[in-house]
Amino acid sequence: MKLYIKNYSSYRSDQEDINIKQVLKQKYKLDTRRQDDFIHLALYGAQLLKEKTVIRADDELYVTSGYGDVDVVQRTNTYVNKEKQPVKLFDFINLLGNTTSYYVAKSLNISGKNIFQISDNFTYINSLISLYASIRNSQKDAILCAIDLASTPTEVSKRVLGVDEDAETVSSVNYQKFSLDAEDAIAEIEFDMKTYSLDEVNTMLAEENRTVLSSIRCMKLQSLKDSKFFETLASYAVNSAMKKNEDMVYIDCFEEKYKILKLKSLR
Amino acid sequence: MNAYINTYELLCDAGDTKSLMEAVYNKESALVIDNSYIKDATAGLGKMEYEDIFTVMDAVTAKVLKESNLENFHNTLLILGSSVGGMQECEQIFYSEKSFKNIDPNRYSMNALSDYLMKKFNFYDTRALSTACTSSANALLLAKRLIEVEAYENILVMGVDGLCYSTVLGFYALSVLSDKKCTPFDKNRNGMNVAEAVGALLIQNVKQSDSIELKGVGASSDAYHMTNPDPEAGGAIASMENAIADAGLDIGEIDYVNAHGTATIANDRVESLAIEKLFGKNVYVSSTKAITGHTLGAAGAIEAIISCEVLKHAMIPPQTGLKELENQNINVPVQSIEMNIRNVISNSFAFGGNNTSIVFGV
């Protein structure tokens, strides 16, 4: 399966410390009321993408996340049970997965399909497969938002993700605009639905000349790993490689199964 | 590559598939009036009796496997749609212990349900979709697309949602929860009933003698309002048009609309308008949520199974609970109608104007 990337945007909280809500209000003149930090993060990435590329009304939108908005779940439960308060209306609305995709679609003026896919395994690669299967039929372009918010306290999200308590989690949002059409593309990305064993991956990597990056979940794999963690790190790695016009191989792992994606810069 | 629904099963307030269809055709609502979720108020709910939602998933999944042509699910993709995932158990632990400390992360998040089934049945891979009330409809949509590109040969689509305080109280806060058994499309309807269910459909690239074809899928996004649909019904119409076009059918080839029909003022008004604009009175329409309640993320899968059964029974389901039809320009039967049914369209609409329609046929 192969897709072309027309443009991208990236934000990581450990690399740029900004007040996102304030930027959305002041720079982008967006109404940020009734939304929480997860939605603000998604909207910020969307605005960065909008500055760099043309968004069409019929573009498809996919939002993918490792664990979604854990903060609002904790908040809702605390209100209802600990503080004996009723569910707050907008906490309930923000609890739902498609709330984020609604706000993103509205800010980008998209009226095509939108899907919120959530997973703590192969989050990014599996979303690419879904997106590819859809636009092969529709022949439209698609925007993928990969988002993870480092919730407070971080122990909850780390337990949900099953990562070590010492791991440093960060917030990040990364967008790409995908197409089946190579014209004006800045990179091509290849992936498939197949999962590989560690031995198979090592055999493939033995002949690999490109930079190889992997998730910190790939503990048995000798490769470069980001010291910080968020579930959609693969999306950031893709954007980072495109920024440097580099080719790259990214490997993700879940329960001894591996998936691979390959990025080729076209610049 | 075509996609076929070869085996399915469900459990809901009315029981399994067979019991549910008897209730649908006999107009016997399985909804109950409950006073345990909301302080000093009652709500119509669709409730099941079970130990926990995970055991219900086990039972439904095992039954589909047993009745399928597969020995196991090792080469099968699982796509599970749910609006709240493992929230029910998370709430129970938190409510009794007043702390998140002992919540098992593997049974907590949106994808906890699919992760659990993946390990239990050793599925090849999983996806968890959460688009509120369109979650499992979107799972069906994705399944069809993945079969088309030959990514998988076998896909188990599941819709799962267990009743929990967050959803019941959330819909109550939105003032859309009925204190009675819901009455879709009725002029005097006063809201929806939150419900729970587990549904599973095995989608394959091979046709069997009793297959129902997953003929077309369509989606649209209103991006009109967070909780209200586009009053001109643009999103609902686009969703149905896209599904019918994807199926390669004309409007006139659809015989029955299994409506989203939640019985909220906004949904039924707009969905009726969409059906009126698209079909006029040339198609039968009913909502089976008068029997099952609104099973939220499971609704797409539950109503897909009902649609398959309608095709097999060759009988249009009547509208339960209807006394006075609000929109007189659509055709909502109050008695079952025997006829040769070629194609059925099932609608699922969610907050944020997230619309999905699925066409089933023989």
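Predicted model: local features only at pLDDT ≥ 70, side-chain atom pairs only at ≥ 80, totals over all residues.
Next I looked up the strands paired with E15(B). E9(B) runs antiparallel to E15(B) and is joined to it by 8 bridges; B:Gly216 stands opposite B:Val359. Strand E14 (residues 343-350) of chain B is also antiparallel to E15(B), again with 8 bridges, and here B:Asn343 stands opposite B:Gly361. E14(B) and E15(B) form a hairpin with 3 residues between the strands, where I noted a positive phi near 80° at B:Gly352.

I then turned to chain A. Helix H2 (residues 37-52) and helix H5 (residues 97-108) of chain A pack at about 30°, with axes 9 Å apart. The two are therefore roughly parallel to each other, and the crossing is right-handed. From H2(A), the contact residues include A:Phe38, A:Leu43 and A:Lys50; from H5(A), they include A:Thr99, A:Tyr103 and A:Leu108. I get 8 nonpolar, 4 polar and 1 charged for the residues of this contact.

Last, I looked up the contact between the chains. It involves 44 residues of chain B and 46 residues of chain A. Among the elements of chain B that each supply at least two residues to its side are helix H5 (135-148) and strand E9 (212-221). That side of chain B divides into 23 nonpolar, 14 polar and 7 charged residues.

Notes: Residues numbered from 1 in each chain as written. Chains lettered and ligands numbered in written order. Axes fitted to C-alpha atoms, helices over the stretch in contact; angles between N-to-C directions. Helix = DSSP H or I, 4+ residues; strand = E, 2+ residues; numbered from the N terminus. Parallel < 35°, antiparallel > 145°, perpendicular 65-115°, else oblique. Left-handed = near helix turned anticlockwise from the far one by under 90°. Contact = placed C-beta atoms within 7 Å. Nonpolar A, V, L, I, M, F, W, Y, C, P; charged D, E, K, R; others polar. Pairing = 2+ DSSP bridges.
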